[in-house]
Amino acid sequence: LEPGRKVITGRGSADDKGQLMTFVEACRAWKQVHGNLPCRITILFEGEEESGSPSLKPFLEANADELKADFALVCDTSMWDRDTPSICVGLRGLVGEEIIVKAADRDLHSGLYGGAAANPIRILAKVLADIHDKDGHITIPGFYDGVEETPSQILKSWETLGETAETFLGPVGLSIPSGEKGRSLLELTWARPTAEFNGITGGYTGKGFKTVIAAQASAKVSFRLVHKQDPKKIRAAFQQFVRERIPADCSVEFHPHGGSPAIQLSYDSPFLAKAKTALSDEWPKPAVTIGGGGSIPVVGDFQTYLGMESLLVGFGLDDDRIHSPNEKYELSSFHKGQRSWARILEALTS
């Protein structure tokens with residue numbers, strides 16, 4: 001690290017133990033100085049996010065009356081850069097689906113059956129290829145229901161952040177955005193829905209070569225949702241889209257893997273404006289409003305079960321190596337993050 005930079009190193013230091021403790025320490029410091037917190041605060045630690053949070057929904061349902069509040073503060077996001085704090089106003093939702101296309105009752109010899117027997121790999125490949133058109137649009141009927149256009153002033157503010165295909169894709173060896181044509185890179189990753197193929201299997205995949213026609217082929221497909229897209233409707237539309245492309249003598253199975261709606265905070269929310277001002281007072285550069293390409297299911301659950309919007313403020317950095325060896329959380333983020341939360345609490349309760 002550069003001279004003068006100190007870090008906390010360890011699994012979860014940035015995602016998300018360190019971030020949680022940033023808020024806890026802000027509350028501790030506030031009580032030490034003022035005697036009492038400025039308002040009623042409930043702190044909820046949720047430790048199952050990476051495994052789908054199976055215990056959270058029943059817990060929220062069972063304790064809804066006690067947990068309901070004016071809004072939630074979630075500390076699981078990042079800075080724009082080390083001098084520029086950010087508030088995430090949108091998180092994409094998620095639908096995961098595994099599909100298994102089945103044809104013959106066993107693997108077949110391609111010399112004996114090739115040209116006559118249905119090949120599930122070819123069927124599956126055609127299904128997946130049909131999902132996008134040449135301009136990157138998703139062709140599933142009804143898929144864009146509930147998708148809204150991002151306000152022009154927000155798009156202009158994102159342009160000032162300077163993110164380009166070169167700066168974003170270059171470090172991973174790519175250069176050309178693959179999504180909907182005519183959209184900026186940040187709009188594609190923050191405010192547009194996607195359909196991605198996360199895995200595909202079928203036939204013989206071991207060493208060497210084997211001339212078989214597989215009995216089945218499978219794919220894992222995920223959809224990132226935005227705005228008011230309905231996960232249940234997206235799943236149903238996708239399943240219908242697939243069924244329409246399966247030959248009569250073949251079959252398809254579906255195995256769902258979770259679903260959550262997108263989260264979108266109003267751009268003119270009064271507590272968003274107060275939080276931006278509070279953050280800007282603490283850091284060298286003014287706070288920016290960003291979107292989030294990933295999903296934080298607890299935010300959607302707060303909305304669904306408790307009727308609460310969430311303010312997402314975090315102090316992670318791009319090089320924190322989350323989910324990787326030598327994950328770190330910088331002491332500057334930890335210390336200034338505490339002061340930032342104290343400023344936000346003061347702004348929201350004044």
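Here is a walk through the sheet of this predicted model, the helices lying across it, and some of its salt bridges.

Let's start with the sheet. Strands of a sheet pair through backbone hydrogen bonds, in either a parallel or an antiparallel way. Here, 4 strands make up an open sheet, and if you go across it you meet them in the order S6-S8-S4-S9, with antiparallel pairing. Strand S6 (194-202) and strand S9 (251-260) sit at the edges with a single partner strand each, so one side of each has no neighbour in the sheet. From one strand to the next, the twist averages 15°.

Now zoom in on S4 and S8. Strand S4 (residues 93-102) pairs with strand S8 (residues 216-225) over 10 bridges, in the antiparallel sense. If you want a spot to look at, find Lys-102, which stands opposite Gln-216 in S8.

Two helices lie across these strands. Helix H5 (residues 120-130) lies across S4, S6 and S8, and runs at about 15° to S8. Helix H9 (residues 231-243) lies across S4, S8 and S9, and its angle to S9 is about 165°.

On to the charged side chains. Side chains of opposite charge can pair when their charged atoms come close. The model has 24 salt bridges by the rule used here. Arg-5 counts as buried because its relative accessibility is 19%, under the 20% cut-off. Asp-319, at 35%, is partly exposed.

Asp-319 has another partner: Arg-82 forms a salt bridge with Asp-319, with the closest N and O atoms 4.0 Å apart. This pair also links distant parts of the chain, since Arg-82 is in the loop between strand S2 (72-74) and strand S3 (86-91), 237 residues from Asp-319. Arg-82 is partly exposed, with a relative accessible area of 34%. Step back and you'll find Arg-5, Arg-82 and Asp-319 in a network of salt bridges that also includes Asp-320, Lys-328 and Glu-330.

For another pair, look at Arg-106 and Asp-105, a salt bridge whose closest N and O atoms are 3.0 Å apart. Arg-106 is partly exposed at 47% relative accessibility, whereas Asp-105 counts as exposed at 69%.

Conventions
Residues numbered from 1 in each chain as written. Predicted model: local features only at pLDDT ≥ 70, side-chain atom pairs only at ≥ 80, totals over all residues. Heavy atoms only, no water. Salt bridge = Lys/Arg side-chain N within 4 Å of Asp/Glu carboxyl O. Buried < 20%, exposed > 50% of the residue type's maximum accessible area, 1.4 Å probe, protein only. Pairing = 2+ DSSP bridges. Axes fitted to C-alpha atoms, helices over the stretch in contact; angles between N-to-C directions. Contact = heavy atoms within 4.5 Å.
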